[in-house]
Amino acid sequence: MARDLKYTRNIGIMAHIDAGKTTTSERILYYTGKTHKIGEVHDGAATMDWMVQEQERGITITSAATTAFWHYDGQQYQINLIDTPGHVDFTVEVERSLRVLDGTVATFCAVGRVQPQSETVWRQADKYRVPKIAYVNKMDRTGADFLAVIEEIHAKLGANAVPICLPIGAEDKFEGIVDLISKKAYYYDATSKDLVNFEERPIPADMVDEVEEWRGRLVESVAEYNDTILEKFFEDPDSITEQEIIDALRKATIDMAVVPACCGSSFKNKGVQFLLDAVIRYLPSPLDKGSVKGTDVRTGAEIERKPSASEPFCALVFKIATDPFVGRLAFLRAYSGRLDAGSYVLNTRTGKKERVARLYQMHSNKQNAIDFVEAGDICAAVGFKELRTGDTICAENAPTILESITFPDPVIGLAVEPKTQADLDKLGVALGKLAEEDPTFTVQSNAETGQTIISGMGELHLDIIVDRLRREFGVEINQGAPQVNYKEAITRSTQHREVFKKQTGGRGKFADIIVEIGPADEGVTGLQFLDEVKGGNIPREFIPAVEKGFKSAMANGVLAGYEVTSLKVRLLDGSFHPVDSDQLSFEICARMAFRHALGKCGPVLMEPIMSLEVVTPEDYMGDVVGDLNRRRGQIVDMDSKGNARIVKAKVPLSEQFGYVTILRTITSGRATSSMEFSHYAEVPSNIAQEVISKQGRRVQSDDDE
């Protein structure tokens, strides 16, 4: 018999680094009975942080999935939980997890409040329309302020956060919470290892008025989602039942109009059970999220797949991982139908059938074999040959493509070379596996120097990759200094004629094209190709070859060989030879046209600009700002939080290497910073010349030939 999906929750835990995501996950596993011992991050013993690098550094690097069960209102609920990283370098893990989750717990530090990465993950959740619960953690820390965090969620995230509980005390006096819906006070015993470590007591006398005020605000926020509540709110607010409030708040949360907010201290075992109840009460089940939209491969028409085991099978692969014991694991979210271990599915990207050898329910890095998976489940599969992140797999007789996952481009590179000949072969295999796992990690060979360049999202990202090469794959490497991943762009249009002729005895090569090359339209990335040839001067079968030639040429710009990110090419006219012309001739002709014409299009170098936020004591403010100015930084905003000052700036990545060490030096270790990619911008001409000369390539212009 098919499982009732209304008792399933697919949720993630997301937050800024150090807000307590993994600690919260560990408490959830403990209180749901999944683990019998609480694993601590600072001891390197957290279940969800299973990688050696995670345990050593006390950070989450890779998203870990697990399944737990929670009893609520006499019913057992299945919670598929994904713990995501907080560091911006591993943003891909958050992105792909949110793509397949139905709801998320956004965790905030009660002292740090809304931090830069909190904003990033919040935007990612909005992009995939994932409903949220806000959980304000670390209420036991000095400076904790629950209502101040609620205010910042409103101000910085533009979200309608509504408290569903109030803290009893704060900092070292934080004892428990008051449930605003039931008007009950719960006091927690931090030392108890019992699964029920709290007791119900009367609301403290000095909180009665505050509880009434915030309960009134809560009811007001959800009244528009239930006409009965709205009527009672104006006539007799006391007659509104608890269940009516819960039902209306659930609907408002799923509609993303309200974010229920609760608080606790995961480390001190306070408030976690209340959070689990909130997850069940307010976050959606796969049924609440409803059908998923896809495209029929055969007709191109939009189709819907309902979350039901009776529908044709359809799932999205959101992660590929390499396990030393079972090989390649493909993590997938089933949206419809049923998949049995040992059966075949269609990979719609390759058009090939693939056999699912085994299916697993994941618990961090351990697997429990299962016989089948149904709509609404998150699991891992083994046996696939050609699956990649973002692929859709489906029933062979119902080919469907789901919307894939978009990933940012890497911004920083590093040259690596094996220390010995024996390491050479191992390096290629290891890099291939790592690139499969992580779409924001790329590997390229520099044709001119023969070096292997690995690229990622930041210095920490590449640091972890190099560490994994040594430990997991046993590859010893030498590494160069980090390099910025510049790109090239053009600023104006030009018209160009290119004729390609080659006679080598017998049949020759001939192609002739007239093109207009210029900047792409706003918002367009990649090649924007327009075929405007009239009268069949170039046969139709050669047009795709011209497009292919320009597309491949964009990988190497004319200034310093960096990728050209966007280009508009209008193919205006040309000619062909009935014997000597073929597709390859036109492809080569297009590449030559690109190389010869781009110098006339005002080529410029583009560099990654980072959003930087520095939190510093006021005494060091002048030094911090002065240092940022020296780094070509533009101050965007200055703010204050308590006795600290917050500086927000846009700074070129090329100026930021080793910044954390310099910042510690100039502020005696008292300032913190966080940085994430913002956009690409033109490099000033004097610096561009330095970069180009370092690359050792000459500027090619139309005079070169």
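# Notebook: strands, helices and salt bridges

**Entry 1: Thr452.** I started with Thr452, which counts as buried because its relative accessibility is 18% (buried means under 20% relative accessible area, exposed over 50%, partly exposed in between, with a 1.4 Å probe and protein chains only). I noted that this is a predicted model, where local features need pLDDT of at least 70, side-chain atom pairs count only at pLDDT 80 or more, and totals for chains, interfaces and linings use all residues. Residues are numbered from 1 along each chain as its sequence is written, and side-chain values use heavy atoms, with hydrogens and water left out.

I found Thr452 in strand 27, residues 452-456 (helices, H or I with at least four residues, and strands, E with at least two, are DSSP runs numbered from the N terminus). Then I looked up what Thr452 touches, leaving out residues up to four places away in sequence: Leu414, Ala415, Val416, Leu431, Val443, Gln444 and Ser445 (contact means heavy atoms within 4.5 Å).

**Entry 2: strand 32 and its partners.** Next I went to strand 32, residues 509-518, and found that 8 of its 10 residues are buried. I looked up its pairing with strand 31, residues 494-502, which is antiparallel over 9 bridges (two strands pair if DSSP finds at least two bridges between them). In this pairing, Glu498 stands opposite Ile513 of strand 32.

I also checked strand 34, residues 566-575, and it pairs with strand 32 in the antiparallel sense over 7 bridges. Here Val515 stands opposite Leu571 of strand 34. A reminder to myself: strands of a sheet pair through backbone hydrogen bonds, either parallel or antiparallel.

**Entry 3: salt bridges.** A search of the whole structure gave me 31 salt bridges (a side-chain nitrogen of Lys or Arg within 4 Å of a carboxyl oxygen of Asp or Glu). I followed up a few of them.

Arg570 is partly exposed, with a relative accessible area of 24%, and Glu516 is partly exposed with a relative accessible area of 24%.

Then I looked at Arg113, which forms a salt bridge with Glu152 with the closest N and O atoms 4.0 Å apart. Arg113 sits in the loop between strand 4 (103-109) and helix 4 (116-127), while Glu152 is in helix 5 (residues 146-157), 39 residues apart. Both Arg113 and Glu152 are buried. I also noted that Arg113, Glu152 and Lys156 are linked in a network of salt bridges.

My last pair was Glu607 with Arg632, whose closest N and O atoms are 2.9 Å apart. Glu607 counts as buried at 2% relative accessibility, whereas Arg632 counts as partly exposed at 24%.

**Entry 4: helix 15 against helix 16.** Helix 15 (residues 621-630) and helix 16 (residues 659-666) pack at an angle of about 145°, with their axes 10 Å apart (axes are lines fitted to C-alpha atoms, for helices over the stretch in contact, and angles run from 0 to 180 degrees between N-to-C directions). I listed the residues that meet: Asp623, Val624, Asp627 and Leu628 from helix 15, and Tyr659, Ile662, Leu663 and Ile666 from helix 16. The residues of this contact divide into 6 nonpolar, no polar and 2 charged (Ala, Val, Leu, Ile, Met, Phe, Trp, Tyr, Cys and Pro count as nonpolar, Asp, Glu, Lys and Arg as charged, and the others, Gly among them, as polar).

Entry 5: To finish, I traced an open sheet of 4 strands in the order 7-8-9-10, with antiparallel pairing. Strand 7 (165-168) and strand 10 (198-201) are at the edges with a single partner strand each, so one side of each has no neighbour in the sheet. Strand 9 (residues 184-188) pairs with strand 10 over 4 bridges, and Tyr188 stands opposite Phe198 of strand 10.
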